[in-house]
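Please look over the sequence and structure shown here. A short briefing follows, grouped by topic.

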Amino acid sequence: MVPKIMKQGTLTPWLYLAAALIIMLVFIVYPTINTAVLSLRDKTGTQSAAVDCVPGQACWGVFDNYHYALTDSEMVQALRNNALWILLTVPGTVGAGLLFAVLTDRVRYERLAKTIIFLPMAISFVGAGVIWRFVYYLEAGGGSQIGVLNAIITALGGQPIAWLTNRSWIVNNTSLWIVWIWLWSGFCMTILSAALKGVPAELLEAARVDGATEWHVFWRIMFPIILPTITVVATTMVINVLKVFDIVFVMTNGLNGTEVIANRMFKFIVTNQGRSMAMAVLLIALTIPIMIINVRRFREQERIR
Amino acid sequence: MNTERIKRILGRIPVHVIVISMVVIWLVPTLGVFVTSFRSRQAVRTSGWWTVLSKPSPLGQQEYGTACASCHGAGGKAMATADLSDPEVVAEYMKTNRLLPLLRQGVNGQPMVQDPEWQALVQDTSRTKEALDALSPVSQYLGTLSGSGQAVEYGLTASNWLDALVGYKGTATYQKDCAPGVSESGKFKCNASDLLNPEGMARAFLNSLLVTIPATLLPILFAALAAYAFAWLDFRGRMWMFALLVGLQIVPLQMTLVPIAQLYSKLGLQSSFIGIWLFHTGFGLPYAIYLLRNFLGGLPRDLFESIYLDGANHWTAFWKLALPLSVPAIASLGIFQFLWVWNDLLVAIILLPGNPVLTYQITNLIDPRGGNWHLLTAAAFLSMIVPMLVFLAFQRYFVRGLLAGAVKG
């Protein structure tokens, strides 16, 4: 690989690497190990987690924080919500991204349209939180509705809806999922659009000449070719969704049935380190299988090329 | 025009409809915040931002019209004995709990309110609360008629932005409290030093810049050095170290915050800028090294051989050849890291609580009852301007970086 002529001292590479390696050791490797250790300790991090065991109640000894993380009712709710986030927002973002990538390919204002869909990527979760809280806002005091959604509903003669503090947790969660789809569809669209443009034009032309409808051209030709990219995008989105925090923190703070693991973890950081860290380990444990699938897929894709 | 062509154009209409409606749906939420940031507090609270171009009728005009206009006249001047455009007459009745007894009492045995529905409501003592609520817009309109009440300011104004910048949270505006000639108002000095108020967005903006610029440059510099070593230097463990590094990308940030916060409090680095720079650097490095190594490794070998034949060493090869050639990759990285750090909330809350950045300051402004949308929207937009400009200016590089990173392991 490295040309012979480029002589170097034995120490030289390490001088180039030193800063990066030290910083990564201190800021990624050390804390990861430390987190795993703390997850086996009690709330102050000084004693084994087993001290919190109450006689007569189920306890996993030193792994009691994991017992909490997997069985506590709030945590079960958070796990359920994380699962629903994955099941609903991943198809949502990838689907919207794909639809938009396919459709904008056929219009002349493609660049402008794509920029607008993509723009939320530049906005912070906090900014997006403000934007959407305003969309969902409910004027409860009897004044006129100043949030777009409730204004539309009342203009059509309906009753305004509490989008984020509804008695039904499904409504509250759906409101959050919509924000997520708004934020991330642009990301999916950009990558899928690049993949679509890589589909050989002759192939599409040949199919159209043979009388295939656009519907068939998409499902029989384009879709199979970009399927590997779709998988990569989908797995990336799964990992992003698993770690979802800011949106929930800003919009509902996990109230009214919208709790997720990362927000739960944040709430416990000060009050109970052991539990908080067990949740962090749980998060990474959930991420690893998806990463492995992703790497495998990528290797296959490389081989096919 | 032949029918074939018309058919084709018609067939494309659904595509346009879907694309345009999606664009509109994506744009409307942000547009609402942008428009609202230029409206006065009362205007925001009483009417939707989409009415900004229409001229709204003053609050209570309609209610006054049905309840009172038949005797007092639309302008309130029809009765000389009770001229409602006279501030002194009206001053008493601008409170609903004064107005209601008067209406119940009537004049010379005749009911004061002509409209039968209103009359029934006013007379029914079991519905007092409802009557008071219904009268509130009327008494407000009486104030508007007489000129003594506060009229809603519907014009567009930049005062919310100023209020957000200096951190003004009072009931008027910073501009009114600091009218010319006033040299001090509460905690404000009414000069440029107010921009440094720790509760203001101007100060937070400065903090965000102070965090983001070094936290963008440092990882790029360190990553470029390391990537050069991985691409063009020979050392033991090169392959497995690089593989390990790619694996580090999956560590979620949340996992590392607490141990680092504890480490910082031992070292006295809590709430210091150096601390947050180093943290963001650590987290940016794996991806940055990965991307830059792939880029540098893809450069032609001959280039490096020839500069070496000319007598250069690795140090000059790095600065004179590798770095200038990798500008496109560095640009993508820089934008990613910049947006990431600028938009971050979690790290800033935990590691830099003493110097609130923009995102943190916005969460402080959120009022669950919706009382300060005028401030919140301006503050949110202040925080969005820089990343949006960066994004629009360098979109090409951003997309390129995204495509390079999307297939990462």
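**Domains and confidence**

Chain B is split into domain 1 (3-51), domain 2 (61-146), domain 3 (159-196) and domain 4 (207-406); these bounds come from an automatic or database domain assignment. The C-alpha centres of domain 1 and domain 3 of chain B are 36 Å apart.

This is a predicted model: local features need pLDDT of at least 70, side-chain atom pairs count only at pLDDT 80 or more, and totals for chains, interfaces and linings use all residues. Residues are numbered from 1 along each chain as its sequence is written, while chains are lettered from A and ligands numbered from 1 in the order in which they are written.

- The model scores ipTM 0.85 and pTM 0.82.
- Mean pLDDT (the predictor's confidence in each residue, from 0 to 100) is 84 for chain B, with 97% of its residues at 70 or more.
- Among the elements of chain B, helix 11 has the highest mean pLDDT (94), and helix 21 (residues 395-406) the lowest (75).
- Helices (H or I, at least four residues) and strands (E, at least two) are DSSP runs, numbered from the N terminus.

**Contact between the chains**

- Chain B puts 78 residues into the contact and chain A 75 residues; two residues are in contact if their C-beta atoms, placed from the backbone, lie within 7 Å.
- On the side of chain B that touches chain A, helix 1 (residues 3-36) of chain B gives the most, with 14 residues.
- That side of chain B has 53 nonpolar, 20 polar and five charged residues. Ala, Val, Leu, Ile, Met, Phe, Trp, Tyr, Cys and Pro count as nonpolar, Asp, Glu, Lys and Arg as charged, and the others, Gly among them, as polar.

**Nonpolar cores**

- A nonpolar core is a set of buried Ala, Val, Leu, Ile, Met, Phe, Trp, Tyr and Cys residues joined through C-beta atoms within 7 Å.
- Buried means 20 or more other C-beta atoms within 10 Å of a residue's own, exposed means 12 or fewer, and partly exposed lies in between, with C-beta atoms placed from the backbone.
- The largest core has 163 residues, and B:Ala223, B:Ala226, B:Tyr228 and B:Ile289 have the most contacts inside it.
- Helix 11 of chain B supplies the largest share of this core, 17 residues.
- Apart from this core lies another, of 17 residues, including B:Ala67, B:Val113, B:Trp118 and B:Leu135.
- Leaving out residues up to four places away in sequence, B:Tyr228 touches A:Tyr16, B:Leu296, B:Phe318 and B:Ala322.

**Helix 9 of chain B**

- Six of the eight residues of helix 9 (residues 159-166) of chain B are buried, so this helix is largely enclosed by the rest of the structure.
- The buried residues are B:Ser159, B:Asn160, B:Asp163, B:Ala164, B:Leu165 and B:Val166.
- They pack against helix 10 (174-177), helix 11 (201-232) and helix 20 (373-393) of chain B.
- Just after helix 9 of chain B, B:Gly167 has a positive phi of about 80 degrees.

**Chain A**

- Chain A has 12 helices and zero strands.
- Its C-alpha trace spans about 80 × 75 × 35 Å along its principal axes.
- Buried residues make up 40% of the 305 residues in chain A.
- A:Asn253 sits in the loop between helix 10 (246-251) and helix 11 (261-271) of chain A, and has a positive phi near 50 degrees.
- A:Asn256 is in the loop between helix 10 and helix 11 of chain A, with a positive phi near 55 degrees.
- A:Asn253 is partly exposed, with 14 other C-beta atoms within 10 Å; A:Asn256 is partly exposed, with 17.
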